[in-house]
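Have a look at the structure first, then go through the points by topic.

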Amino acid sequence: VDCSVPCNCNQNGGCGWLDGVCECFQDAERGFWTGVHCSVCAPGYLAPLCRTRNVAISRTLEVPAIMGEPLADTQGVVIADPEQGLVYTGGLPLLVFHSADYTPVGSLSVGGLV
């Protein structure tokens, strides 16, 4: 590799010293990047900094399986975490469900609404 020719990693990774291939950053401080030139957020992260996890947020009323739970808050939101396969709602307590079938996993006391 010619050391005088820097590889273009868009300041989101470093140049591999043996092969000149970009090695994209994968940490919370510099972001989670991918692609030949480290110009795309890694799956599960949002642009522009690729530090924020991509989670889906819906109204609780849109998920009938959760509405069957006695502690479910009908006015709240549902936050989906596809990487962990979990769905969260509420806050007093925080209810946790499997995202595949919305079966309850448990509840957590977090001291406030999510």
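**Cysteines, core and strands**

Cys7 and Cys15 are tied together by a disulfide, S to S 2.2 Å (a disulfide being a pair of cysteine sulfur atoms within 2.5 Å). What you have here is a predicted model, so local features need pLDDT of at least 70 and side-chain atom pairs count only at pLDDT 80 or more, while totals for chains, interfaces and linings use all residues. Residues are numbered from 1 along each chain as its sequence is written, and side-chain values use heavy atoms, with hydrogens and water left out.

**Disulfides**

- The structure has four disulfides, and with bonded cysteines counted along the chain their pattern reads 1-3, 2-4, 5-6, 7-8.
- Cys24 and Cys38 form another disulfide, with their sulfur atoms 2.1 Å apart. This pair links distant parts of the chain, 14 residues apart: Cys24 sits in strand β2 (residues 22-24), and Cys38 sits in the loop between β4 and β5. Strands here are DSSP runs (E, at least two residues), numbered from the N terminus.
- The link of Cys24 and Cys38 is left-handed, with -95 degrees about the S-S bond. Its Cys38 end is buried, with a relative accessible area of 0%.
- Cys41 is joined to Cys50 by a disulfide as well, S to S 1.9 Å. The torsion about that S-S bond is about -80 degrees, so the Cys41 and Cys50 disulfide is left-handed.
- Buried or exposed: which is Cys50? Cys50 counts as buried, at 0% relative accessibility, and Cys41 is buried too, at 16%.

**The nonpolar core**

- Which residues make up the largest nonpolar core? It has 10 residues: Cys9, Cys22, Phe25, Phe32, Trp33, Cys38, Cys41, Ala42, Tyr45 and Cys50. A nonpolar core is a set of buried Ala, Val, Leu, Ile, Met, Phe, Trp, Tyr and Cys residues joined through side-chain atoms within 4.5 Å.
- As background, nonpolar side chains tend to be buried together in soluble globular proteins.
- Contact means heavy atoms within 4.5 Å.

- Asn12 lies in the segment before β1 (13-15) and is buried, with a relative accessible area of 14%.
- Where does the side chain of Asn12 reach? It reaches the backbone oxygen of Cys38 at 3.0 Å.
- Beyond its neighbours within four places in sequence, Asn12 is in contact with Cys24, Phe25, Trp33 and Cys38. Two of those names, Cys24 and Cys38, are the partners of a disulfide.
- His37 is in the loop between β4 (31-34) and β5 (40-41) and is partly exposed, with a relative accessible area of 39%.
- His37 and Cys9 are 28 residues apart along the chain, but their C-alpha atoms are separated by 4.5 Å. With neighbours within four places in sequence set aside, the contacts of His37 are Asn8, Cys9, Asn10 and Cys22.

**The salt bridge**

- How many salt bridges does a search of the whole structure find? It finds one, and in it the side chains of Arg30 and Asp27 meet at 2.7 Å, N to O. A salt bridge is a side-chain nitrogen of Lys or Arg within 4 Å of a carboxyl oxygen of Asp or Glu.
- Arg30 counts as partly exposed, at 43% relative accessibility.

- Strand β11 (residues 94-98) and strand β12 (residues 104-108) run antiparallel and are joined by four bridges. Two strands pair if DSSP finds at least two bridges between them.
- Leu94 has Leu108 as its bridge partner in β12.
- The hairpin of β11 and β12 has five residues between the strands, and there Tyr102 takes a positive phi near 60 degrees.
- Val78 lies in strand β9 (residues 77-81) and counts as buried, at 6% relative accessibility. Val78 and Leu95 are 17 residues apart in sequence and 9.6 Å apart in space, C-alpha to C-alpha.

Note on methods: Buried < 20%, exposed > 50% of the residue type's maximum accessible area, 1.4 Å probe, protein only. Polar contact = N/O pair within 3.5 Å; in protein donor to acceptor, adjacent residues only side chain to side chain.
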